[in-house]
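Student: Hi, could you go through this one with me? I'd like to jump between a few spots and ask as I go.

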Amino acid sequence: MARLGDVCEKRIDTIKATYTGDIDYIDISSIDNKSKKITEIQSISIVDAPSRAKQLVFPGDILVSTVRPNLNAVALVTESADNTLVASTGYCVLRCLPNTYNKYVFYFCQSPAFIEKMVTQATGASYPAVTSSIVKECTIPLPPLEEQRRIAALLDKVSDLIAKRRAQLDKLDLLVKARFVEMFGDLADPECPHKKCKLVDACVNSDDIKCGPFGTQLSKEEYKDCGVAVWEIPQINSYFTTQPTHFLTVEKAEQLKAYSIIPGDIAMSRKGNVGRCALFPDDFDCGIIHSDVLRIRVDKQRVNPCFMMYQLHFSGAVQRQIEVVSSGAIMAGVNVTKLKQIEVYLPDYSLQKQFSDFVEKIDRMKVTINKSLDKLETLKKALMQQYFKEGVL
């Protein structure tokens, strides 16, 4: 067993105050916490760089985000940069010593035990964070170097399979988007042949578009561990694959039935990642929407919910209108009254249905891939628990 601080260099140099050139900057949002990769590097002049742009990093270094440790934003620096490569001070930089394989440490920093340790030691209610010292105090099992390489190679294989499954899902998403454009063209085109209407007119009643109950109607003290689900922003993705964490009693849900969400309804994020949509599945029980979530219930006699959801999701013309009706200096929020007035397009219903049928076929393929992905991610977690169970004391 060893402390991370004992198997990594103790000091990470910072960029000199006299430096005058450009830098390639890895900021705190540059890491994709799902793929565990650096997805964006900004090339900027040092004079325009934020004050947090200080740490000099090199290929082989491991970056561990010290903010919101529950998200586990961890990445390995794999490529050299054209300019001096600098990371935010929001990262703990781990540069392994010769007796430690960096990929082994990289996987250790993704392990459930490591994440749990970071979460329990984080401070700050609204912006939880740990320090680099806390990260380096974690202990890691340290088998011989060749065994470290063997473990990392096995986890590499599983990670590569996970990446391939995610790439397959991304390609299917692109296929759906391409099909949408092929069938309906550019909805922003002035020559677009499809008729337009206000979003509210695609519904039966004005109240079919509404956000969930606010604190005066629903307090956190009324949340339960089971019962009728409260659907919140984290659950809004293409498939509602993230399970709800809050519930209400049947009696309370009945009082709030005006805010119910049922199969065929469209859920939209009202805050944060504004405009993100999902279609509530046919095999789900009804629930109640959170105040940060919008419910859009279209008139199914004229409008196919699947088509409308993808129009809200794909159409640049519609998305720009959603941006216009969003406001807020710190966190944008949709103005519901104005959202009802945005213009949407209603092609012939038979076309809407054809598109919906195509999406259904693609979704069946996605279900198969997602099952495989879930098994691989479970396997990866199990392997990490096996190899790193003695760590983070």
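Student: Which side chain does the side chain of aspartate 24 make a polar contact with?

Tutor: Its partner is the side chain of asparagine 83, at 3.0 Å. A polar contact here is a pair of N or O atoms within 3.5 Å; within protein, one must be able to donate a hydrogen and the other to accept it, and residues adjacent in sequence count only if both atoms are side-chain atoms. Keep in mind that this is a predicted model: local features need pLDDT of at least 70, side-chain atom pairs count only at pLDDT 80 or more, while totals for chains, interfaces and linings use all residues. Residues are numbered from 1 along each chain as its sequence is written, and side-chain values use heavy atoms, with hydrogens and water left out.

Student: Where is aspartate 24 placed?

Tutor: Aspartate 24 lies in strand β2, residues 22-26. Strands (E, at least two residues) and helices (H or I, at least four) are DSSP runs, numbered from the N terminus.

Student: What is aspartate 24 in contact with, leaving aside its neighbours within four places in sequence?

Tutor: Contact means heavy atoms within 4.5 Å. With those neighbours left aside, the list for aspartate 24 includes Ile41, Gln42, Ser43 and Leu85.

Student: Back to arginine 95. What does arginine 95 form a salt bridge with?

Tutor: With glutamate 9, the closest N and O atoms being 3.7 Å apart. This pair links distant parts of the chain, 86 residues apart: glutamate 9 is in the loop between α1 (4-7) and β2, and arginine 95 is in the loop between β10 (91-94) and α2 (102-108).

Student: Are those two buried or exposed?

Tutor: Arginine 95 counts as buried because its relative accessibility is 15%. Glutamate 9, at 33%, counts as partly exposed.

Student: How many salt bridges does the structure hold?

Tutor: There are 19. One of them joins glutamate 343 to lysine 196, with the closest N and O atoms 3.3 Å apart. That pair also links distant parts of the chain, 147 residues apart, from strand β23 (residues 343-346) to strand β12 (residues 195-198). Elsewhere, Arg3, Asp6, Lys10 and Glu137 are linked in a network of salt bridges.

Student: New topic: which residues are buried in helix α8?

Tutor: In α8 (residues 316-324), Ala317, Val318 and Ile322 are buried. Seen down the helix axis, the buried residues fall within an arc of 140°, so they line one face of α8. That arc is taken from the directions from the helix axis to the C-beta atoms.

Student: What sits on the face turned away from the buried side of α8?

Tutor: The exposed residues Glu323 and Val324.

Student: Last one, zooming out: what does the secondary structure come to?

Tutor: The protein has 10 helices and 23 strands. Of its 393 residues, 47% are buried.

Technical notes
Buried < 20%, exposed > 50% of the residue type's maximum accessible area, 1.4 Å probe, protein only. Salt bridge = Lys/Arg side-chain N within 4 Å of Asp/Glu carboxyl O.
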